[in-house]
Amino acid sequence: MIQVEPGLRLEVLDWGGTGRSLILLAGMGDTAHAFDTFARKLRTNYHVYGITRRGFGASGKPEFVTANYSATRLGDDVIAVISALHINRPILAGHSLAGEELSDIGFHHPDVVAGLIYLDAGYTYALYDQAHGQVLLDGLKLREMLSQLVPGNIPTDVPKSLNEIEEQLKLLEREIAEYRSELPPTPTGSGQRAAPPPYLYAIFSGFENFPTIHCPALVIFAEPHDFGPTQDYSASRAAFEARDLRITEYQAKAFESQVPSAHVIRIPHASHYVYRSHEQRVLQEIDAFISSLPN
């Protein structure tokens, strides 16, 4: 258990191994134990660690508010663990939402790491697609811009600020129209949806707009995803899969165009847990990427 701030400790696993340090970060809802099997395959060539994000598993659980779960806060947790264990420039590998921590460090603190590995983790929380935008991130930006109109916080160049807000409103209006057109039909019946887990708002409202990252990166996408024999969506499966493929390809191309250091890999018909469905391919790509990094 590693202290990352007063009164808050995170669960850190050490699977051992020899070679360069490799730290694994789990997706949202998972703990570092999600990698128990995969990590044992990695420790042949690397010293492998894992971190359980705050709010989950055995790690401390501060109140689920944005300030406690922002991209900056989650990234700083990882840096605090690296510092506490005296690890010199490790490689970070993250699954799913962990792309947020990877990009926070790769954008703000690239000298802390030797490289980043995104395991189907390169989505909007990891990189803002400048060609197509994203409704959640653009909505958060608009909220921040509107806060400038509060008395006592009004900018000196009001006309310019109002023009920028107006342009952001137009952008968000287009994105909302597209988003609405892709929503599945409203479910019929009297049943109510279960309330979302409390951590969702705290984490989602803390997303940051990352335009690029500043260190070497291996970015693996499952494209198209394999969703298995069934899927609980009201829209037709074909329409859902087409939308997923389009969004995934948008993000893959965004990394290719916005992150010069990125090596992007598409693995067809892999699951979101790509390191499980295509373990050997992922291990090979990781080895090739790390061997390309300077010592």
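Colleague: Where is Ala98 found?

Modeller: Ala98 sits in the loop between E6 and helix H4 (99-108). Helices (H or I, at least four residues) and strands (E, at least two) are DSSP runs, numbered from the N terminus. This is a predicted model, in which local features need pLDDT of at least 70 and side-chain atom pairs count only at pLDDT 80 or more, while totals for chains, interfaces and linings use all residues. Residues are numbered from 1 along each chain as its sequence is written, and side-chain values use heavy atoms, with hydrogens and water left out.

Colleague: Does Ala98 count as buried or exposed?

Modeller: Buried means under 20% relative accessible area, exposed over 50%, and partly exposed in between (1.4 Å probe, protein chains only). Ala98 counts as buried because its relative accessibility is 0%.

Colleague: Which residues does Ala98 touch?

Modeller: Contact means heavy atoms within 4.5 Å. Leaving aside residues up to four places away in sequence, Ala98 touches Leu25, Ala26, Gly27 and Arg53.

Colleague: How is a sheet to be read, and what is the order of the seven strands here?

Modeller: Strands of a sheet pair through backbone hydrogen bonds, either parallel or antiparallel. Two strands pair if DSSP finds at least two bridges between them. This open sheet has the order E3-E5-E4-E6-E7-E8-E9, with mixed pairing. Its edge strands, each pairing on one side only, are E3 (12-16) and E9 (262-267). Neighbouring strands are turned by 15 degrees against each other on average, direction ignored. Axes are lines fitted to C-alpha atoms, for helices over the stretch in contact, and angles run from 0 to 180 degrees between N-to-C directions.

Colleague: How many bridges join E7 to E8, and in what sense do E6 and E7 pair?

Modeller: Four bridges join E7 to E8, and the two run parallel; Leu116 stands opposite Ala217 in E8. E6 (residues 91-95) and E7 (residues 115-119) pair in the parallel sense over five bridges, with Gly115 in E7 as the bridge partner of Ile91. E8 and E9 are also parallel, over six bridges, and Val219 has Val264 in E9 as its bridge partner.

Colleague: Which residues lie on each side of E8?

Modeller: In a regular strand the side chains alternate between the two faces of the sheet. In E8, Ala217, Val219 and Phe221 lie on one side and Leu218, Ile220 and Ala222 on the other, all of them buried. Helix H8 (residues 237-258) lies across E7, E8 (217-222) and E9, running at about 155 degrees to E9.
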